[in-house]
Amino acid sequence: MSSESEKWGWQHVSIFGRFDKGSGTKRWKCNHCNLRYNGSYSRVRAHLLGFTGVGIKSCPAIDGSLREAFHILEEERLTRKKKLTSGSAKPSKRIRISRSTLPYTTKEDMDEIVARFFYVHALSVNAANSPYFLDMVKAIGCFGPGYEPPSVDELSDSFLSRERGRIEKSLALVRESWPHTGCTILCVGCLESMLGCFHINIFISNPRGLMYLKAVDIDDIDGADNVFSGVLGDTIMEVGPRNVLQIISHLGDTSKLSDSLMLSSFPHIFWSPCTSNSICMLMEEIAEMDLLKPVVLCAKEIKHCITTYQQFSPCSFNQNMEGSSDPLSMKFAPSFCIVQRIFELKRLLQELVNSEGWKQWKISNPDDILSIEEAILRDDFWSDAYLLLQLFEPFVRLIATLNVEKLVMGDVCDWRVQALEAVRNKGIDEGTVKKLEELIENRWDVLFSPLHATGYLLNPRYHGKGQTKDKVVMRGWKATLERYESESANRRGLREQLSSYWRLEGSLGDEDAVDCRDKMDPVVWWENFGFETPELQTLAIKVLSQVSSIAMCQEVCQEYDFPGPETSNRMGVERVEDLVFVRNNLRLNSQRNGISNSFSGAKNAILCSPSEAKTWDDSHIDQTKVTYSQSIHDKMC
């Protein structure tokens with residue numbers, strides 16, 4: 001029997017307790033991973049060297065370089081043992097460990113192997129931040145060198161089925177909440193050039209979470225509206241007609257045609273525009289007002305002219321002409337950003353057009369730029385630009401206080417009210433303000449769902465803000481009732497219960513109910529205090545539980561391409577559907593856990609820029625609330 005002192009492994013464990021009676025085992029704890037085991041030295045050695053098949057796990061705390069050192073120690077021990085037993089009639093059993101057969105043993109070796117896998121398959125390097133990638137690497141390291149990955153057939157069959165089953169089981173809890181809170185069907189589509197069809201992803205959203213349901217390919221583009229209506233009808237029946245409150249889509253004319261076709265089959269379901277898209281459209285329609293449109297056009301011409309000059313003489317005027325660096329402003333009010341940037345450069349632009357370099361360039365330039373030069377030098381353009389910025393500023397500033405991707409129904413109505421009030425307080429000509437109000441009122445019903453008005457009425461945080469005197473809000477409330485409830489008597493009951501809510505009757509006026517209006521989630525507030533107005537309580541819970549934007553769905557769809565024909569032919573249509581279902585729901589699960597932007601990026605990008613999605617913390621909002629008015633006023637003076 002070899003000496004215990006030659007067994008190097010004992011130096012890396014701590015013995016606690018005595019030898020077990022009648023055996024050679026000990027109780028020991030690994031000094032690296034702190035795990036406790038019972039066993040002889042053979043188990044200590046297997047634990048430290050990463051051997052499998054001896055009833056013990058490989059030490060997860062030992063890296064490649066240390067494990068290589070342990071293998072060298074073991075080789076040296078076996079060599080000494082061989083010399084001691086060379087003359088024996090019964091040669092001892094030995095284990096031959098050749099360094100040439102060892103796995104890659106340094107971290108640098110392992111990193112190169114991982115990197116090569118990314119490069120050869122054109123994977124986004126951002127996937128290295130994926131929690132699923134990190135879990136995979138840790139699991140393989142804990143298992144040890146004997147791990148063999150699943151085969152292609154297993155990955156595309158048994159493991160895929162198992163993962164889909166696990167996801168569907170976790171989503172069962174989400175489905176159970178649909179009758180109580182209602183849900184929203186979200187449709188995100190794109191023209192898939194590779195497949196030669198219109199590809200539509202369908203998601204279901206409610207407070208329990210956003211889930212991916214399925215994808216549909218429409219080959220007949222001309223008849224897409226009829227096909228899409230059939231797909232939506234099947235989806236509604238699968239979810240449950242009484243569980244669906246609204247459908248939000250971003251499919252252009254297909255949405256409008258499908259809305260009219262669906263209305264006959266499901267008259268109670270609302271077809272709502274995406275709020276993010278509607279805010280963009282409203283901001284640009286304000287920029288198209290007769291008194292503002294010339295300013296925007298002139299600012300764009302100035303930008304184009306200066307950009308052309310910068311190509312001629314890049315060193316003489318090196319200012320960035322691209323507008324605001326604020327992604328929200330650029331997204332929702334691009335015209336405002338252009339005018340704002342030109343206004344910020346007023347003094348520099350006026351100095352530029354008086355410079356010798358400009359005059360020389362103007363002579364050689366065939367374009368007529370006298371009108372651009374005149375606009376920069378005269379006060380008329382700057383006065384009109386100042387007016388536009390004053391009108392836009394409250395709308396743009398208050399967008400920063402909204403989490404547009406997760407708006408509660410009704411928030412956008414409060415945004416409109418606050419912004420218009422801020423415009424009035426700026427002392428702008430009453431006629432101009434009236435034209436702005438008329439534009440917004442006339443376009444509101446087209447751009448925004450009536451559910452926003454209902455949410456504004458029923459959100460306890462906005463109680464007492466004069467909604468009953470707001471024509472836009474009350475018009476939306478009327479439209480909601482007419483679509484939500486077909487029976488006149490039931491609509492009357494809801495109106496009577498709304499009056500009880502406004503008059504704070506019964507439980508709605510309890511001290512706790514009043515105190516908790518702005519302290520509790522609106523849905524939770526109605527669950528606690530709305531029991532004496534049960535029909536209104538049900539409506540409020542369903543309306544206030546809905547999302548109003550498809551932004552989160554778009555992020556998932558942009559992140560991953562739909563499998564191409566080669567994958568479909570190899571795996572089969574059913575397996576491809578399983579793959580997309582698993583992939584998208586795992587991605588959504590990462591979003592729910594707050595890691596949605598940690599591994600986003602284009603599929604084939606090696607160097608990827610951060611996602612445009614931003615989280616607006618309090619400091620950013622406070623900074624954004626510092627209006628542009630003071631800086632604008634300084635420039636005017």
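Which side chains meet in a salt bridge with R341 or E344 at 3.1 Å, N to O? The side chains of R341 and E344 meet each other at that N-to-O distance, a salt bridge being a side-chain nitrogen of Lys or Arg within 4 Å of a carboxyl oxygen of Asp or Glu. The model is predicted, so that local features need pLDDT of at least 70 and side-chain atom pairs count only at pLDDT 80 or more, whereas totals for chains, interfaces and linings use all residues. Residues are numbered from 1 along each chain as its sequence is written, and side-chain values use heavy atoms, with hydrogens and water left out.

The structure holds 27 salt bridges. R341 and E344 are three residues apart in helix α13 (residues 334-344), and therefore about one helical turn separates them; helices (H or I, at least four residues) and strands (E, at least two) are DSSP runs, numbered from the N terminus. R341 counts as buried at 16% relative accessibility, while E344 is partly exposed at 37% (buried, under 20% relative accessible area; exposed, over 50%; partly exposed, in between; 1.4 Å probe, protein chains only). An α-helix has 3.6 residues a turn, so residues three or four places apart point the same way.

In helix α21 (residues 471-484), E482 and K478 lie four residues apart, about one turn of the helix, and their side chains form a salt bridge of 2.6 Å, N to O. E482 is partly exposed, with a relative accessible area of 43%, and K478 is partly exposed with a value of 43%. Helix α28 (residues 573-592) contains D578 and R575, three residues apart, whose side chains meet in a salt bridge at 3.0 Å, N to O. D578 is buried, at 9% relative accessibility. Both residues belong to a network of salt bridges that links D157, R164, E168, R575 and D578.

In helix α14 (residues 346-353), the buried residues are K346, L349, L352 and V353. These residues lie on the same side of α14 because they cover an arc of only 125 degrees around the axis, the arc being that of the directions from the helix axis to the C-beta atoms.

Strand β1 (residues 13-15) includes I15, which is partly exposed with a relative accessible area of 43%. The C-alpha atoms of I15 and C30 are separated by 9.1 Å, the two residues being 15 residues apart along the chain.
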